[in-house]
Amino acid sequence: MPNKFLVSIVVPTLNEEAFLERTLKALLNQTISKDRYEIVVCDSSSADNTVKIAKRYADKVVVCEKHSAGYGRNFGADNTSGKLIGFVDADTIVSETWVEGLIESLETAVGCTGPIESLEKDSLKMNIFFTWWGIQSRLSIMAKHPIFPGFNIGIRKDAFKKIGGFSMENITTEDIDLGLKLKKVNRIVFNNKMSVKTSTRRLKEISVPAYIWNGISFALFGKSRKWSEHRKDF
């Protein structure tokens with residue numbers, strides 16, 4: 001029997017009751033017909049109403065133990081049926097053309113991402129940082145050394161399995177690791193239709209220079225902050 005859905009969108013969660021509903025509503029408001037994609041929420045044993053909210057909107061809700069972000073994303077991917085997988089964080093609002101852009105991109109590439117900006121507009125520093133981050137994603141892909149955020153990714157499932165998915169190690173650079181592995185399979189593209197707005201709340205818990213250095217440290221030396229250091233609720 002052929003797969004029902006072409007695209008599976010994985011949304012990892014952990015105590016996200018404040019943001020999740022907006023994220024899922026945006027994923028349901030797409031230019032692509034809903035019968036072409038499914039939404040899979042993978043919850044890391046939340047203690048709030050996250051799962052209850054997820055069940056109102058998602059096609060499938062699965063629960064795993066609390067671990068690294070890579071672990072949660074992989075667990076969600078294991079429960080998908082589509083040939084193409086999208087990854088969106090629970091505090092990220094996608095554009096109406098996001099799924100359309102993902103499908104379009106993965107016709108000729110193994111991975112894709114798009115523009116990003118901050119969801120909240122209360123910090124000039126955060127707005128500038130996210131603008132820089134989006135430019136970095138585009139330029140790094142052009143340079144064939146892709147560095148893009150885990151909250152805005154599209155990938156062919158066969159390629160995802162080939163590289164072993166996200167790193168299961170306790171590192172906060174699992175998205176950088178994924179991109180560097182994926183480039184060895186085939187090309188990655190940047191698509192303007194895959195624009196997202198994501199919350200700055202996590203970055204406000206650490207300094208921007210420390211966040212940037214963490215990425216550089218991993219790219220150069222393979223050293224990364226652990227999730228237990230990065231998230232207070234881990």
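**Entry 1: ground rules.** I worked from a predicted model in which local features need pLDDT of at least 70 and side-chain atom pairs count only at pLDDT 80 or more, while totals for chains, interfaces and linings use all residues. Residues are numbered from 1 along each chain as its sequence is written, and side-chain values use heavy atoms, with hydrogens and water left out.

**Entry 2: the whole chain.** I looked up the secondary structure and found 9 helices and 10 strands. Helices (H or I, at least four residues) and strands (E, at least two) are DSSP runs, numbered from the N terminus. Of the 234 residues in the chain, 55% are buried. Buried means under 20% relative accessible area, exposed means over 50%, and partly exposed is in between (1.4 Å probe, protein chains only). The accessible surface comes to about 10800 Å², and carbon and sulfur atoms hold 53% of that. The areas come from the Shrake-Rupley method with a 1.4 Å probe, and for residues only the protein chains shown count as cover. I then checked contacts (heavy atoms within 4.5 Å). Among those with a separation of 6 or more, 76% are between residues 24 or more positions apart.

**Entry 3: the sheet.** I traced an open sheet of 7 strands with mixed pairing, in the order β3-β2-β1-β4-β8-β6-β9. The edges are β3 (60-63) and β9 (188-190); each has a single partner strand, so one side of each has no neighbour in the sheet. From one strand to the next the twist averages 20 degrees. Two strands count as paired if DSSP finds at least two bridges between them. Strands of a sheet pair through backbone hydrogen bonds, either parallel or antiparallel.

I checked one pair of each kind. β1 and β2 are parallel, over 7 bridges, and Ser8 has Glu38 in β2 as its bridge partner. β6 (residues 111-113) and β8 (residues 152-156) are antiparallel, over 2 bridges, with Gly111 opposite Ile155 in β8.

**Entry 4: strand β2 and its cover.** I looked at how β2 is covered and found 7 of its 7 residues buried. Tyr37, Ile39, Val41 and Asp43 point one way, and Glu38, Val40 and Cys42 point the other way. Helix α1 (residues 20-28) lies across β1 (7-13), β2 (37-43) and β4 (84-88), and runs at about 165 degrees to β2. That angle is taken between N-to-C directions on a scale from 0 to 180 degrees, with axes as lines fitted to C-alpha atoms, for helices over the stretch in contact.

**Entry 5: two residues.** Val63 is in strand β3 and counts as partly exposed at 48% relative accessibility. Its C-alpha atom is 5.8 Å from that of Ser44, which is 19 residues away along the chain. Leaving out residues up to four places away in sequence, Val63 touches Asp43, Ser45, Val51 and Phe75.

Asp91 sits in the loop between β4 and β5 (92-94) and is buried, with a relative accessible area of 8%. Not counting residues up to four places away in sequence, its contacts include Phe19, Lys197 and Arg201.

**Entry 6: salt bridges.** I found 9 salt bridges in the structure. A salt bridge is a side-chain nitrogen of Lys or Arg within 4 Å of a carboxyl oxygen of Asp or Glu.

- Lys34 pairs with Asp59, with the closest N and O atoms 2.7 Å apart. Lys34 is in the loop between α1 and β2 and Asp59 in the loop between α2 (50-57) and β3, so the pair ties together parts 25 residues apart in sequence.
- Asp89 pairs with Arg73 (2.9 Å, N to O). Asp89 is in the loop between β4 and β5 and Arg73 in helix α3 (residues 69-77), 16 residues apart. Both residues are buried.
- Lys193 pairs with Glu104 (3.0 Å, N to O). Lys193 is in the loop between β9 and β10 (196-198) and Glu104 in helix α4 (residues 98-105), 89 residues apart.

Salt bridges with shared partners also join Arg73, Asp89 and Glu174 into one network.

**Entry 7: a surface patch.** I noted a nonpolar patch of about 330 Å² made by Ile135, Leu139 and Met142. Patches are made of residues with over 30% relative accessible area and no salt bridge; like charges are joined within 9 Å and nonpolar side chains (Val, Leu, Ile, Met, Phe, Trp, Tyr) within 5 Å. Ile135 is in helix α5 (residues 124-142) and is partly exposed at 46% relative accessible area.
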